[in-house]
Amino acid sequence: MKNLVTEEEIAHVAKLMKINLEDHSDHVKRVQKMLEYFDILDRANVESEEITVQETDLDKLRDDKHVPYDKNLLKFLNSYQEKYVKAPKLN
Amino acid sequence: MDLGISALNYVNGIKNNEFTVEEFTLKSLERISQVDEKLHAFLRVNDLAIKNAREIDTKIKSNQNVGKCYGMPISIKDNICIEGSKTTCASKVLENFIAPYTSTVISKLNSEDAIIIGKTNLDEFAMGLSTEFSAYGPSRNPWNTDYVPGGSSGGSGVSVSANECIASLGSDTGGSIRNPASFCSVVGLKPTYGLVSRYGLVSYANSIEQIGPMAKTVKDSAFLLNIISGIDSNDNTTVDNKNQDYLTDIDAGINGKKIGIVTEMTNPDGLSTDVLDATNDAIKTFEKLGANCEQVSLEMVRYAVAAYYTITSTEAGSNLARYDNIRYGYEFDSSGFEFNSYISQARSKFGPEVIRRMILGGFVPSAGHAGKYFSKALKVKSKLIAEIKHVFEKFDYLISPTVPIQPFKFGEKINDPVSFMMVDFNTVTANLTGIPAISVPYKITNGLPIGIQIMANHEEEHSLLQAAYALEKTVDLPEVPV
């Protein structure tokens, strides 16, 4: 029983990722093939497993102290004004 | 002067006045200009290398303190930042990106007087296993230039194998150090997650990736690990290894050790005949060295590739969101654009594999699909960690061939995404579980290398390197034909 992910679903996600698929039309089929392979996860029988996460002890974290940064990173940017990054218009 | 010497022999050569740092650096740069047009290991060489070499020579002559590296030329994968110089990740998106700070591993190498000889090629943003996805063209395997060198740290593997430098640093998210190490016949070590600081490594899938050494010998790998490992306040995932010396007792041998042959990774259906033969041969070698080898099954390995690609794509989708042409890229002006179209235009500079992983990375954790893909992948990862923990109660090491096949020809696999993913089959488990793994050159068959992978439990690099050294000592391989 193959439950193939449709091209429309992939195109929708691409749009959300701000990827213009017109530039990348042959990718949809490949993404489909990879997703089809991922179906193997259904056979792993892991539904009842707990998801473990990586833990870091609080005492291992560095102090919550302001460390001054004296390099002017903005100078690397093309569009900025005083100390603000200039971004395109939001509609 | 032999450019093919190990790091440890280089240090001896300098100490015994056999050559100067400047002479060796010059010779290495000459070698690069001779062979790299063909091999394309390097994206850039360091213009200051000779100047740095002279400075170190001066320090040596005037009996000042000199760092452990004594000016040895080391190449660096181009996803590791060095302040004031380009770090492109082999992507057009970062074509003009100048790193504003230096990674911890580079600071450590600099403080030990290494010379960064250049930045090496990789698959764009380290996504791939052949360097065919580099935006600047692939690197070529020095054993046979019709074949891929492996990846993603392919340039690093080639640069060491072809004697363009003494050693290199790569990064390994799913095999990206070990795969090119195996394909180019060098030693490649993926350390325990957290043993080496990732500060200054451009993130792809930061929950599982590590920086590690690629070198000519196992001892050289231990030497470099001594320098680059250790806790770092700039990377909260790092662990304190108490300045462990990985070279001490490296020749202790493996007599009486228990080795598990991972059944899923040595399945004859998945391996090429030559790789299977080499693996069986290596098992016999381990037994001759006094180890007890037996089969062990890790059921979750079967699902590891799918889990790996699901998890890494998800992290890549998030990590690569920052390349929006506002903070990085900055090629065209933001005025006259609407936000979404501006970002998607910026994204069009990504290469095909990066685009695919970003789409996948948007898809597999999204509402309605996360249950089928992302959560299941995380559960496979958890169960795999439990299985690994369990087997290391009984075994000291796990072994497999590093890659199920030998190097393949350019273009041979690029159009089949699933067979491409399968090349990672034996390497992703160490990343998903955080354990250390090393690829040791074992055989040259049909003129192309085969590496054997050894894995050990968390933070057992010391013991892992002992096993790797024991295996290496049994091997006598021909010189690279370039």
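Strands β9(B) and β11(B) run antiparallel and are joined by four bridges; strands count as paired if DSSP finds at least two bridges between them. Within this pairing, B:Pro401 lies opposite B:Ile452 in β11(B). β9(B) also pairs with β7(B), in the parallel sense and over three bridges, and here B:Ile261 stands opposite B:Ile399. This is a predicted model, in which local features need pLDDT of at least 70, side-chain atom pairs count only at pLDDT 80 or more, and totals for chains, interfaces and linings use all residues. Residues are numbered from 1 along each chain as its sequence is written, chains are lettered from A and ligands numbered from 1 in the order in which they are written, and side-chain values use heavy atoms, with hydrogens and water left out.

Five of the five residues of β9(B) are buried, where buried means under 20% relative accessible area, exposed over 50% and partly exposed in between (1.4 Å probe, protein chains only). In a regular strand, side chains alternate between the two faces of the sheet. On one side of β9(B) the covered residues are B:Tyr397, B:Ile399 and B:Pro401, and on the other B:Leu398 and B:Ser400.

## The whole sheet

Eleven strands of chain B make up an open sheet with mixed pairing, in the order β1-β3-β2-β4-β6-β5-β10-β11-β9-β7-β8. Strands (E, at least two residues) and helices (H or I, at least four) are DSSP runs numbered from the N terminus. β1 (42–45) and β8 (292–296) of chain B are at the edges with a single partner strand each, so one side of each has no neighbour in the sheet. From one strand to the next, the twist averages 30°.

## Helix α15

Helix α15(B), residues 461–473, has 13 residues and reaches 18 Å from its first C-alpha to its last, close to the expected 18 Å at 1.5 Å a residue; the expected span is 1.5 Å times one less than the number of residues. Twelve of its 13 residues are buried, so α15(B) is largely enclosed by the rest of the structure. The buried residues pack against β5 (187–190), α7 (218–228), α8 (273–288), β9 (397–401), β10 (437–445) and β11 (448–455) of chain B, contact meaning heavy atoms within 4.5 Å.

## Helices α2 and α3

The axes of α2(B), residues 21–39, and α3(B), residues 49–61, come within 8 Å and cross at roughly 160°. That angle makes the two helices roughly antiparallel. Residues of α2(B) in this contact include B:Val21 and B:Leu29, and those of α3(B) include B:Ala49 and B:Ile60.

B:Arg31, also in α2(B), counts as buried at 13% relative accessibility. Beyond its neighbours within four places in sequence, B:Arg31 is in contact with B:Leu3, B:Asp36, B:Ala162, B:Asn163, B:Glu164 and B:Val482.

## Backbone details in loops

The peptide bond from B:Gly151 to B:Ser152 is cis, with omega near 10°. B:Ser152 is in the loop between β3 (115–120) and α5 (154–161) of chain B. B:Ala126, in the loop between β3 and α5 of chain B, has a positive phi of about 70° although it is not a glycine. B:Cys89 has phi near 55° and is buried at 0% relative accessibility.

## Terms for angles

Axes are lines fitted to C-alpha atoms, for helices over the stretch in contact, and angles run from 0 to 180 degrees between N-to-C directions. Angles under 35 degrees count as roughly parallel, over 145 as roughly antiparallel, 65 to 115 as roughly perpendicular and the rest as oblique.
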